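This report covers strand pairing, nonpolar packing, aromatic pairs and ligand contacts in one protein model. The sequence and coordinates come first.

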Amino acid sequence: MRVYNFSAGPSMLPLPVLERAAKEMTDYEGSGMSVMEMSHRSKVYQSIIDDAQARLRSVMNIPDDYEVLFMQGGASQQFACIPLNLLKTKASYAVTGHFSRKAYDEAKRFGEIHIASDNTDIGFARIPAQEELDVAEGSDYLHICFNNTVYGTKWPYIPAVSCPLVADLSSCILSEPIDVSKFDLIYAGAQKNMAPAGLTVVILKKSLIGSAREDTPTMLDYKTHAANGSMYNTPPTYQIYILKLVLEWIESIGGLEGMAKRNYEKAKILYDCLDASSFYIPRAEKGSRSIMNVTYRTPTPELDAKFVARSLELGFQNLKGYRAAGGIRASIYNAMPVEGVEALVDFMQRFERENA
Ligand code: PMP
């Protein structure tokens, strides 16, 4: 029996992907071995990584002047890679939540970092408008976190800036079409919409590669990975294989347009329930709402705890909000079926009637 898993990550993978992986577990396409057991230098593995890269390029419509890198170390390692590779004099960071603050704190170790926006005081409930952004003159880049996993907000627009734009898409990549050409570097940990944990995807303009600081460790220099087809060392082979299967699944349901249709439908069901209720209190303001992480609370922390306890009894997993944020968070990534959200809303309405 599979539960509805609302985890913020690692999170649900599409059932057809898991079933296909299970089928191919001990013998991948007649190779007589599992993808897990394969040399990354073998011909058969090379075709897997090439296929994953080609499908990602096609599904996301990545322009030819962008490199796609398969790295490790999580999105957190990119918090250091980005300044090491891109920072020359100064950079600007928009602090809109938990992980953008972490990225900012890490970047400060490497040079002059300017805060372009910080909405800590309003509990990260809203994304700043374009005219509220204060990007320092001469910034080497502006860093944003496009979807805030912890607080449940998403940038409703792509900022127009005169410096390169760097974005953490960990919790929204592949959830809807996005114009890659508006960004100079996109990065994402795989464990929400792409694959199991252990793979980090970096998509960056080729022109940004090759000017890392002198003392940049080899493994943190984008040039190392670009020059070696993401195989300077052993890549996360199985994760890349699962990414390939996930991309095939996305293609089968209409690409990112199809994905977006499903995701907006799911998010609407949940937000409509919150907006119709005088019991649940949504965290994110209307113009800044995430379609991946829906955050809210009940009237009291005691009722939040009761809600989570009851939800677990009914087979809804991981609805407890992030420890720093409290409340409730339903992460409804690509693999969450519409029925999962409908079942959650049904439970929420019952819980409200019994506890309001
Ligand atoms: N950025 C965002 C938006 C995230 O949601 C997360 C993890 N949940 C991270 C960065 C950190 O990722 P990792 O654990 O892969 O280092």
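## Strand E3 and helix H4

Ser-92 stands opposite His-114 in E4. Strand E3 (90-95) and strand E4 (112-118) are joined by six bridges and run parallel. Two strands count as paired if DSSP finds at least two bridges between them; helices (H or I, at least four residues) and strands (E, at least two) are DSSP runs numbered from the N terminus. Five of the six residues of E3 are buried, so E3 is largely enclosed by the rest of the structure. Buried means under 20% relative accessible area, exposed over 50%, and partly exposed in between, with a 1.4 Å probe and protein chains only.

The model is predicted: local features need pLDDT of at least 70, side-chain atom pairs count only at pLDDT 80 or more, and totals for chains, interfaces and linings use all residues. Residues are numbered from 1 along each chain as its sequence is written, and side-chain values use heavy atoms, with hydrogens and water left out.

Helix H4 (residues 98-107) has His-98, Ser-100, Ala-103, Tyr-104 and Ala-107 buried. Among the elements covering these buried residues are helix H3 (74-86), E3, E4 and strand E9 (185-189).

## Nonpolar cores

A nonpolar core is a set of buried Ala, Val, Leu, Ile, Met, Phe, Trp, Tyr and Cys residues joined through side-chain atoms within 4.5 Å. The largest core has 87 residues, and those touching the most other members are Met-60, Phe-70, Leu-174, Ile-203, Ile-242, Phe-307 and Leu-344. Helix H6 (residues 237-252) gives the most to this core, with 10 residues. A second, separate core of 32 residues includes Leu-69, Tyr-104, Leu-185 and Leu-220.

Leaving aside residues up to four places away in sequence, Phe-307 touches Tyr-280, Tyr-296, Thr-298, Leu-319, Ile-328, Phe-347, Met-348 and Phe-351. Contact here means heavy atoms within 4.5 Å.

## Aromatic pairs

The structure holds 19 aromatic pairs. Rings of Phe, Tyr and Trp (its six-membered ring) pair if their centres lie within 6.5 Å; planes under 30 degrees apart count as stacked, over 60 as edge-to-face and the rest as tilted. The ring centres of Phe-347 and Phe-351 are 5.9 Å apart and the planes are at 55°, so this pair is tilted. Both residues are buried and lie in helix H9 (residues 338-355), four residues apart, about one turn of the helix.

Ring pairs link a cluster that includes Tyr-4, Phe-6, Phe-279, Phe-307, Phe-347 and Phe-351.

## The E11-E12-E14 sheet

Three strands form an open antiparallel sheet in the order E11-E12-E14. Strand E11 (281-282) and strand E14 (328-331) are the edge strands, each pairing on one side only. Four bridges join strand E12 (residues 293-297) to E14, and Asn-293 has Ser-331 as its bridge partner there.

Around the ligand are 13 residues, of which Ser-76, Thr-149, Asp-168, Gln-191 and Lys-192 come nearest; a residue is near a molecule or strand if one of its heavy atoms lies within 4 Å of it. Ligand oxygen atoms are found 2.5 Å from a side-chain N or O atom of Thr-149 and 2.9 Å from one of Gln-191. A ligand nitrogen atom is 2.8 Å from a side-chain N or O atom of Lys-192.

Ser-170, in the loop between strand E8 (165-168) and E9, counts as buried at 8% relative accessibility. The side chain of Ser-170 makes a polar contact with the side chain of Asp-168 (2.7 Å) and reaches the backbone nitrogen of Gly-189 at 3.1 Å. A polar contact is a pair of N or O atoms within 3.5 Å; within protein, one must be able to donate a hydrogen and the other to accept it, and residues adjacent in sequence count only if both atoms are side-chain atoms.
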